[in-house]
Amino acid sequence: MENAWYTISVYSENNVGLLNRISGIFLKRHINIESLNVSKSEIDNVSKFTIVVFTTSKWVQNIIGQIEKQIEVIKVFSHTDEETIYQESALFKVASNLLFDERQIQNIIKDSNAQIVTVSREFFVISKSGRRSEVDALYEELKPFGIMQFVRSGRIAVSKSEMQISSLLHNFQS
Amino acid sequence: MEKQLHISGAEAIIHCLLAEGVDLIYGYPGGAIMPVYDELYKFQDRLTHILTRHEQGATHAAQGYARVSGKVGVAIATSGPGATNLVTGLADAQIDSTPMICITGQVGRHLLGTDAFQETDIIGISTPVTKWNYQITKASEIPEVLAKAFYIAKSGRPGPVLIDITKNAQFDMLDFHYQPCHHIRSYKPVPTASESSLKAAAQLINTAKKPFIVFGQGVILSEAETIFKAFVEKTGIPAAWTILGLSALETEHPLNVGMVGMHGNYGPNMLTNECDVLIAVGMRFDDRVTGNLATYAKQAKVIHLDIDPAEIDKNVKTTVAVLGDAKASLSALLPLLEARTHTSWLSEFKVYDRQEYEAVIEGDLYPTKPGLTMGEVIKILNQKTANKAVIVTDVGQHQMIACRYAKFTQTKSNITSGGLGTMGFALPAAIGAKMGAPEREVVAIIGDGGYQMTIQELGTIFQNNTAVKILVLNNGHLGMVRQWQELFFESRYASTIMSNPDFVRIAAAYDIEAARVSERSTLDAAIEEMIAHKGPYFLEVCVENEHNVFPMIPTGASVSEIRLK
């Protein structure tokens with residue numbers, strides 16, 4: 001079976017220790033988490049984990065079953081890249097003098113649809129959201145000039161199809 | 001329970017246990033759990049605490065208690081090493097779906113994360129081996145969290161829950177009000193079988209030519225024994241068991257065709273690869289049952305009845321999944337099934353039975369050579385207990401032999417460590433089993449290796465005069481590992497030869513009646529004396545040192561490649 005990228009979305013209660021419990025399920029199966037993002041979801045008091053893995057569909061089904069079994073997990077979904085709208089965010093910290101000495105940088109920023117978040121005497125910060133490949137491309141372009149700091153977020157994703165959490169919670173309640 | 005009490009957290013814990021109907025717990029005291037022990041002292045007329053000699057023993061005793069009674073077993077321990085000593089029992093209960101609650105003391109809230117004396121992150125450590133765990137840091141959380149713990153441990157697919165309680169939460173006061181938990185919004189313990197899955201399953205069963213049932217502990221956990229038997233009898237389908245399913249259907253039932261898996265019976269294993277419909281009831285297709293999955297029942301349509309959706313298609317691809325509690329699913333399925341018989345199919349099992357009898361069983365049960373076999377010991381034990389005993393086994397050759405040859409007429413009678421294969425399980429589990437079913441004969445069958453892993457629990461038996469019968473089958477080896485070394489490592493017996501102490505004198509030192517037998521001529525009388533004895537009794541049987549357990553499916557082989565020698 002072929003490996004592919006899967007985005008696993010976990011809706012859960014917001015409890016201490018749940019991250020450990022969920023990450024342990026990947027650990028037990030020796031599957032690396034490529035990206036992880038935890039945030040609030042569209043429902044009050046419900047958290048959402050967005051986990052990206054590169055594995056087979058069989059393992060994704062196994063993992064979903066195990067995660068869903070956890071007491072505080074409400075529902076788990078998995079999607080392939082084609083089934084989601086997804087992005088990552090990145091910040092680049094670059095020396096300020098380059099902005100003036102290397103005119104090209106301004107073009108790079110414009111062409112990549114990145115934004116300058118702040119400029120100070122010593123450095124400026126570029127923010128870029130988009131697909132991993134777009135962030136990587138900007139990284140490669142800026143690298144020759146020297147990047148003082150770089151950070152990229154985990155993937156955030158929404159599915160093209162509906163994830164019926166509200167109705168599910170409603171059913172659980174009754 | 002409208003009565004309002006203003007009490008300490010420690011006292012609240014006792015009230016929670018009492019409210020859940022707990023009257024017996026196992027444990028070991030220590031610094032961080034002392035407030036609870038102080039309350040146990042005050043409540044000793046209503047809640048018995050059994051002091052084991054090691055925290056691991058407390059967990060296995062709680063498991064034995066739970067498995068024999070169907071109730072939740074409870075074990076308590078202090079923080080740090082007390083808590084880490086629970087881990088083996090938690091892992092065992094997790095993989096064998098045993099309802100158990102472990103309560104651990106923890107350093108005070110203000111000391112968490114300071115590497116305080118006997119501080120350990122037991123929540124982190126126990127997470128992968130618990131159904132749920134939670135750290136209580138405020139006294140006011142105790143009633144609600146313990147109510148949840150009991151609900152989670154016993155509902156759906158049962159499992160172990162660990163509750164870690166900081167010392168300040170045990171000392172602090174709260175207004176106590178207990179309300180049992182029946183609902184957690186994110187937790188759906190029992191799925192309901194869909195109408196369509198039941199119909200599809202019934203259709204397959206009604207038209208099958210060579211149907212075959214494999215049943216597991218799900219039948220026992222859902223107390224579905226009666227309806228299961230009706231299902232087997234109405235459909236006339238041969239039924240085989242996993243070792244955790246053993247005793248759910250009486251051994252001598254004409255449709256009970258024996259044990260599946262690595263050391264199971266010849267027919268059920270061979271015919272797994274001949275059946276046209278495989279009906280799995282409350283079992284999880286463990287690798288010790290299936291052998292090589294690539295060649296497991298590939299010709300069959302598979303119907304899988306299970307309470308845990310994560311088990312469906314996990315190892316074996318199902319044709320029809322019937323989700324739900326086994327009792328409910330079987331009750332819904334039964335009216336849809338036609339009364340049938342499968343005489344010629346059943347006779348295929350008999351053909352293999354005869355081959356197995358001649359190649360293996362006859363020699364095991366009626367040996368002609370001088371050395372005692374484990375099989376003949378079990379055969380005599382069956383006779384002396386009229387097939388009515390609770391048999392608690394450890395792990396290894398004796399366990400497989402006991403499962404193969406022990407006969408059962410009552411459910412919840414075979415207590416063993418299945419999934420985890422925990423050596424040292426049997427002695428403490430037998431203590432729990434005896435306390436959970438005091439009216440029943442409880443016999444712990446243990447190898448000389450596993451016995452020494454938890455031998456200190458003789459102290460618990462001594463102190464409580466627990467009337468368990470301890471039957472050690474001593475072959476002077478770690479027999480199952482030795483067998484593998486003989487078969488797969490050219491008889492290089494690396495660290496499997498045991499120099500054993502005088503077990504009879506050890507038992508005698510605990511004031512336990514003890515005997516040793518190594519001759520066939522005295523075996524029958526020795527077992528009879530053990531069973532006739534009223535209190536605890538220790539019997540060592542010196543058996544053949546290098547006997548192998550057969551049949552055997554070598555690791556990675558197919559069920560139909562099972563070897564008779």
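A residue counts here as buried if 20 or more other C-beta atoms lie within 10 Å of its own, exposed if 12 or fewer, and partly exposed in between, with C-beta atoms placed from the backbone. Keep that in mind for the loop stop below.

This is a predicted model, in which local features need pLDDT of at least 70 and side-chain atom pairs count only at pLDDT 80 or more, while totals for chains, interfaces and linings use all residues. Residues are numbered from 1 along each chain as its sequence is written, and chains are lettered from A, with ligands numbered from 1, in the order in which they are written.

**Stop 1: the loop with two serines**

Select B:Ser491, in the loop between helix H21 (479-488) and helix H22 (503-509) of chain B. (Helices, H or I of at least four residues, and strands, E of at least two, are DSSP runs numbered from the N terminus.) B:Ser491 is exposed, because 10 other C-beta atoms lie within 10 Å. Its phi is near 60°, a positive value in a residue other than glycine. Most residues other than glycine have a negative phi, and most peptide bonds are trans.

With 9 other C-beta atoms within 10 Å, B:Ser495 is exposed.

**Stop 2: a cis bond**

Jump to B:Phe550 and B:Pro551, joined by a cis peptide bond with omega about 0°. Look for B:Pro551 in the segment after strand E20 (537-542) of chain B.

**Stop 3: H1(B) and its partners**

Show helix H1 (residues 9-19) and helix H2 (residues 34-42) of chain B: they pack at about 55° with their axes 8 Å apart. Axes are lines fitted to C-alpha atoms, for helices over the stretch in contact, and angles run from 0 to 180 degrees between N-to-C directions. The angle therefore makes H1(B) oblique to H2(B) (under 35 degrees is roughly parallel, over 145 roughly antiparallel, 65 to 115 roughly perpendicular, the rest oblique).

The H1(B)–H2(B) crossing is right-handed, meaning that the near helix is turned clockwise from the far one by less than a right angle. For the contact (C-beta atoms, placed from the backbone, within 7 Å), pick B:Ala10, B:Glu11, B:Ile13 and B:Ile14 on H1(B), which meet residues including B:Pro35, B:Val36 and B:Leu40 on H2(B).

Next bring in H7(B), whose axis comes within 10 Å of that of H1(B), crossing at roughly 35°. That crossing is right-handed too. Here B:Gly9, B:Ala12, B:Ile13 and B:Cys16 meet B:Ile142, B:Pro143, B:Leu146 and B:Ala147.

**Stop 4: the cores**

A nonpolar core is a set of buried Ala, Val, Leu, Ile, Met, Phe, Trp, Tyr and Cys residues joined through C-beta atoms within 7 Å. The largest has 180 residues, with B:Ile101 and B:Phe228 among those with the most contacts inside it. H7(B), residues 142-154, gives the most to this core, 8 residues. A second, separate core of 18 residues includes A:Tyr11 and A:Ile63.

**Stop 5: where the chains touch**

Finally, color the contact: 19 residues from chain A and 16 from chain B. The largest share of chain A's side, 5 residues, comes from H2(A).

Technical notes. Contact = placed C-beta atoms within 7 Å.
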